[in-house]
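Trainee: Please walk me through this one, and tell me what stands behind each term as we go.

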Amino acid sequence: MIIIGEKISVIAKKVREAMNSRDPKPLQELADAQWKAGAHIIDVNTGPAEEKGEELMTWMVQSIQEKVHAPLCLDTTNPQALEAGLKAHNNQWGKPLINSTSNDPERFIMLELAAKYNAQIIALTVGKGGLPADAEERCGIAAEIMARAAEFGVPLENIFLDPLILQVCTTQDQALHSLKAIKMFQELNDPPMKTVVGLSNISNGTPKLMRSLIDRVYLTLLVYEGLTAAIMNPLDKELMDAMKTTEMFMGKTLYAHSYLEM
Amino acid sequence: MSFVVPKESYNGKVLSVDFGKGDKAVVIGGENTLPFLSFEGEIPNRPVVAYEIQDCPPEDWPERVRNEYKDVSGDPVTWAKHCQDNLKAGAIALRLVSTHPDRENRSAEDAAKTIRNVLAAIDIPLIILGSNHIEKDASVLVAAAEAASGYNCIIGKAQEGNYKTIVAAALAHNHKLIAMSELDINLAKQLNILITQMGFDKEKLITDPMCSALGYGLEYTYSVMERIRLAGLFQNDATMQPPILGDVGMYVWKIKEVTAAEADVPEWGSLEERGVAWEAITATSMIVAGTNLLIMRHPKSIGIVEKTIAELT
């Protein structure tokens with residue numbers, strides 16, 4: 001499974017301070033730690049970044065890739081900042097991933113950028129009119145986004161469909177709807193569509209001590225349904241161990257006594 | 001409508017490993033497709049056959065293969081030169097049988113001396129094998145690695161019970177290493193992990209999943225080799241990407257089909273042909289399963305296998 005390390009986010013105080021003072025070191029250390037823990041892609045979440053967004057994203061992409069030779073997931077709602085990040089991104093380490101588009105016309109510009117820069121893109125299966133009720137609705141939205149992507153010239157293999165994981169503590173029934181959506185998304189195309197989730201949303205709002213447990217049990221179910229990628233915390237060893245064990249049970253990796261160390 | 005050949009695509013690649021020195025050095029592995037499927041990927045190196053010799057006369061070898069070397073096998077240097085000069089061997093595998101406690105129990109120092117003498121006489125690559133005695137091999141192969149320092153040999157076999165000292169010796173003297181496990185793919189992977197965790201480069205490893213002769217468990221060996229390749233190529237499992245060794249000769253040249261006299265089983269036909277065919281068929285099965293390096297005994301069966309490799313390439 002593709003692991004997208006979530007730790008470089010404007011929500012974290014340490015990251016926000018480093019961003020504001022343009023201090024690359026804390027960001028490089030976080031990127032490096034996630035990379036070494038098994039992340040394949042590093043998420044770079046600058047938030048809306050309305051002020052100096054372009055300059056900020058350029059600086060972040062260059063600072064991180066200077067230290068870690070991995071592709072980045074550019075996570076901002078500001079299209080100008082996103083384009084600046086795509087320009088700065090070193091594709092030698094892999095294609096960048098845009099986070100994200102949706103069925104909201106205001107987000108179609110992200111598809112345009114994905115086509116222009118041959119980037120991969122996360123497509124949230126939500127529209128303008130509120131949250132989807134169930135897996136079927138998510139599939140309907142996914143199909144519309146796929147058609148839109150074709151218009152913009154984004155190949156389907158560059159798209160990761162995201163069912164939008166909701167908090168289990170407030171919308172318990174949505175956990176199952178999202179799982180079902182992961183299974184159904186794959187059937188929308190042959191070869192199957194790729195899928196992604198923002199995993200930690202599931203445990204948002206639950207007591208801190210329970211979050212890791214909730215994340216890893218839910219990840220196990222998602223992996224079983226064929227999930228391609230997850231934005232998650234690779235520094236959570238128990239989470240990583242649960243994922244490796246699920247993949248081993250599914251025959252995706254070969255068992256050896258030391259499989260958790262690989 | 002024209003026919004389009006269906007092609008698989010692979011995520012991983014078999015590591016390439018070189019051994020020996022100068023223009024006689026040999027490279028094995030490096031393919032990114034299943035054996036001989038060159039229309040699907042790159043196969044930069046053919047499987048290689050090494051001639052097996054011993055550090056003492058092969059009294060335990062059946063007559064039909066022992067006779068092939070009767071004038072040279074009294075001395076490992078003469079034997080090695082014969083393989084290189086007369087049989088045009090590309091590589092030699094020297095098995096230090098005499099060091100086994102149940103044989104002559106010769107010392108590690110004796111083994112080191114033999115190796116120095118053989119290396120001085122040949123310029124083709126050398127594989128150095130212990131006597132497959134866990135404790136004794138640990139000391140013999142350490143001395144052997146030192147004696148062969150600078151020759152870029154393959155040494156082996158490191159097993160679960162003795163790998164630490166042998167890995168350290170191969171590391172210190174810059175040799176390639178055979179990691180052997182007993183017909184168990186999970187243990188094969190585990191041993192490779194343990195060895196690389198000691199700081200040994202996976203690009204210097206060769207996996208021996210343990211061989212067996214046709215009729216004596218060949219299908220188990222075949223299946224383990226096949227699964228190693230599938231894990232390395234499809235799952236891109238880096239621990240399962242070293243080249244594979246098939247130590248064929250020693251498993252074939254002891255079974256009743258290659259030893260039973262013609263007078264006892266006339267319906268089995270010529271003893272000579274039987275032995276050659278048995279070794280050639282076993283070895284051919286191995287290369288089809290993914291073996292990159294074979295160790296064999298009879299010049300005729302080696303000839304057949306090399307011809308088959310040339311025809312399949």
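Mentor: Happy to: helices (H or I, at least four residues) and strands (E, at least two) are DSSP runs, numbered from the N terminus. This is a predicted model, where local features need pLDDT of at least 70, side-chain atom pairs count only at pLDDT 80 or more, and totals for chains, interfaces and linings use all residues. Residues are numbered from 1 along each chain as its sequence is written, while chains are lettered from A and ligands numbered from 1 in the order in which they are written.

Trainee: Let me start with a strand residue, then. What makes Leu97(A) buried?

Mentor: Leu97(A) lies in strand β4 of chain A and has 28 other C-beta atoms within 10 Å. A residue is buried at 20 or more such atoms, exposed at 12 or fewer and partly exposed in between, with C-beta atoms placed from the backbone, so Leu97(A) is buried.

Trainee: Which residues does Leu97(A) touch?

Mentor: Not counting residues up to four places away in sequence, Leu97(A) touches Ile41(A), Pro71(A), Cys73(A), Ala119(A), Gln120(A), Ile121(A) and Ile122(A). Contact here means C-beta atoms, placed from the backbone, within 7 Å. Asn233(A) is 136 residues away from Leu97(A) in sequence, and the two C-alpha atoms are 17 Å apart in space.

Trainee: What joins Asn99(A) and Ser100(A)?

Mentor: A cis peptide bond, with omega at about 15°. Ser100(A) belongs to β4, residues 97-101 of chain A. Chain B has a cis peptide bond too, between Gly156(B) and Lys157(B), again with omega of about 15°. Lys157(B) lies in strand β6, residues 154-158.

Trainee: Which residues does Asp208(B) touch?

Mentor: Gly156(B) and Lys157(B) are among them, along with Ile178(B), Ala179(B), Met180(B), Leu245(B) and Asp247(B), leaving out residues up to four places away in sequence. Asp208(B) sits in strand β8 of chain B. Because 24 other C-beta atoms lie within 10 Å, Asp208(B) is buried. Ile244(B) is 36 residues away from it in sequence, yet 5.9 Å away in space, C-alpha to C-alpha.

Trainee: On to helices. Why are α5(A) and α6(A) called oblique to each other?

Mentor: The axes of α5 (residues 108-116) and α6 (residues 135-152) of chain A come within 9 Å and cross at roughly 45°. Angles under 35 degrees count as roughly parallel, over 145 as roughly antiparallel, 65 to 115 as roughly perpendicular and the rest as oblique, so α5(A) and α6(A) are oblique to each other.

Trainee: Which residues of α5(A) and α6(A) meet?

Mentor: Phe108(A), Leu111(A), Glu112(A) and Ala115(A) of α5(A) meet Arg148(A), Ala149(A) and Phe152(A) of α6(A). By class, this contact has five nonpolar, no polar and two charged residues. Nonpolar covers Ala, Val, Leu, Ile, Met, Phe, Trp, Tyr, Cys and Pro; charged covers Asp, Glu, Lys and Arg; the others, Gly among them, are polar.

Trainee: At what angle do α3 and α4 of chain B pack?

Mentor: α3(B), residues 108-121, and α4(B), residues 134-147, pack at about 35°, with their axes 8 Å apart. The contact of α3(B) with α4(B) has eight nonpolar, one polar and three charged residues.

Trainee: What makes up the largest nonpolar core?

Mentor: It has 100 residues, and those with the most contacts inside it are Ala50(B), Ile92(B), Leu126(B), Ile127(B) and Ala144(B). α4(B) gives the most to this core, with eight residues. A second, separate core of 75 residues includes Ile41(A), Ala135(A), Met240(A) and Met243(A). Each core is a set of buried Ala, Val, Leu, Ile, Met, Phe, Trp, Tyr and Cys residues joined through C-beta atoms within 7 Å.

Trainee: How many residues of chain A are in contact with chain B?

Mentor: Nine, and they meet ten residues of chain B. The chain A side divides into four nonpolar, three polar and two charged residues.

Terms used
Axes fitted to C-alpha atoms, helices over the stretch in contact; angles between N-to-C directions. Contact = placed C-beta atoms within 7 Å.
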